[in-house]
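These are my notes from one sitting with the model.

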Amino acid sequence: SIEIKPEVEELFNVDSSNILPENWSVLASRIQEVYDEFDAFIILHGTNTMGYTCAALSFALENINKPVVITGAQVPLGYLGSDATTNLVNSLRIAVWGYHPIKGVMSVFGSKIITGVRVKKGTDFDYDPFKAFQTGSLGQIGRFIRLDEAALNKHNAYLAKHGPLAIQSRVLSVKKDFDTAGIVSLTEFPGMSVDLFKSMVENNGAKAFILRSFGAGDASTHLRAAFEYLKEKQIPIVVTTQAPSGIASFLVNEPGKELKEHDLAIPAYDMSIESMTVKLGWLLAQNFSYEEIKRKMVDDMHGEINVESELI
């Protein structure tokens, strides 16, 4: 049997729709401060922005060697039909699980165990609202726990990529700042104003853009002048797709191929909107250069991106 000695601490109590990057920084800081005192960390979080917080902590806690499990409830505690207790108990089961090496940031919710950079909310109704975006989950939890060993080993391997695994807090690499205020996130539509991008830079101080475009990242050639302006100003723009299961590769159609050929944008490939937004804000906060941001956005740091090099 395992003896669990929980300690509960309330760092803030806000509706998850009102979560800000400062909240991510507080969570990362607190984990760093008490890292040596605990074997695992469970964070109770609202569902609306859980995917963003999961991604943020994945980037902030680079080489963490302990589990950080994020969970919540579709129906709040005290309401008829609440799933809060089940999700908390299941999170505890994973946090103390001794049969596989569990470490790093993950969500445990409903029946799914999902790596932090792939958490995507799909519904407001089901008890199982989260899915692993574009990939398989780390495992399932119900009466039994079934872990995908290959997926879990891959998840763990990313942590060692960023330095020795942190046995103690002094070795823990924490980069907890995010500049999401400098990002403009837009959805493309036919006839979108080409002047909008320049206006956001000159009048609003935009430092980076995310564009939800068409197809496989096929932004209209109508917007070419905007892309050229951003390249000249060395302002990164990440292009993703509006297709729910699409991959923005710049490899399929002419408009995307042109972006790649002229080095006008960063392809998002299969990154979720949560991960690419958080990652871009995280890179901006570290004052990386334009070229470094372009390179690091397509560097698979924690399993957030799968870069396709060719078509089969």
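**Pockets**

I looked up the second largest pocket and found about 280 Å³ of space in it. The model is a predicted one, with pLDDT of at least 70 required for local features and 80 or more for side-chain atom pairs, while totals for chains, interfaces and linings use all residues. Residues are numbered from 1 along each chain as its sequence is written, and side-chain values use heavy atoms, without hydrogens and water.

For the search I noted that a 1 Å grid is laid over the protein atoms alone; a pocket is an open set of points with protein on both sides within 12 Å along at least five of seven lines, a cavity is a set where a 1.4 Å probe fits but cannot get out, and a lining residue has an atom within 4 Å of a point. Points are joined across faces, edges and corners, and the volume is the space filled by probe spheres set on them.

The second largest pocket has 18 lining residues, and nearest its centre lie Arg-118, Thr-135, Lys-154, Tyr-158 and Gly-303. I checked which element gives the most to this lining: it is α4, with four residues. Helices here are DSSP runs of H or I with at least four residues, strands are runs of E with at least two, and both are numbered from the N terminus. By class I have five nonpolar, eight polar and five charged residues in the lining of the second largest pocket. Nonpolar covers Ala, Val, Leu, Ile, Met, Phe, Trp, Tyr, Cys and Pro; charged covers Asp, Glu, Lys and Arg; the others, Gly among them, are polar.

I then turned to the largest pocket, which holds about 1,800 Å³ of space. Its lining has 44 residues, with Val-8, Glu-9, Ile-42, Ile-43 and Leu-44 closest to the centre. At least two lining residues come from each of α1 (21-33), β1 and α3 (84-95). The most come from α3, which supplies five. I noted the division of this lining as 25 nonpolar, ten polar and nine charged residues.

**Cavities**

How many cavities of 30 Å³ or more does a search of the whole structure find? I have three. The largest cavity contains about 80 Å³ of space. Among the residues of its lining I listed Ser-58, Leu-61, Val-105, Thr-115, His-155, Tyr-158 and His-302. Two or more lining residues come from each of β3 and α4 (149-160). The largest share is that of α4, with three residues.

**Sheet**

I traced an open sheet of six strands, in the order β1-β2-β3-β4-β7-β8 and with mixed pairing. Two strands count as paired if DSSP finds at least two bridges between them. The edges are β1 (41-44) and β8 (145-147), each of which pairs on one side only.

Within this sheet I looked at β3 (residues 104-109) and β4 (residues 112-115), which run antiparallel and are joined by four bridges. Phe-109 faces Lys-112 of β4.

**Loop residues**

I placed Asn-63 in the loop between α2 (50-60) and β2 (67-71). Is Asn-63 buried or exposed? I noted it as buried, because its relative accessible area is 1%; buried means under 20%, exposed over 50% and partly exposed in between, with a 1.4 Å probe and protein chains only. A polar atom of the Asn-63 side chain lies 2.7 Å from the backbone oxygen of Pro-164. The side chain of Asn-63 also reaches the backbone nitrogen of Ser-173, at 2.7 Å.

Gln-134, in the loop between β6 (130-132) and β7 (139-141), has phi near 65°. Gln-134 counts as partly exposed because its relative accessibility is 31%. Phe-250, in the loop between β11 (237-241) and α7, has phi of about 60°. Phe-250 counts as buried, since its relative accessibility is 2%.

My last entry is His-262, in the loop between α7 (254-261) and β12 (266-267). With a relative accessible area of 35%, His-262 is partly exposed. Its C-alpha atom is separated by 42 Å from that of Gly-46, 216 residues apart along the chain.

Note on methods:
A polar contact is a pair of N or O atoms within 3.5 Å; within protein, one must be able to donate a hydrogen and the other to accept it, and residues adjacent in sequence count only if both atoms are side-chain atoms.
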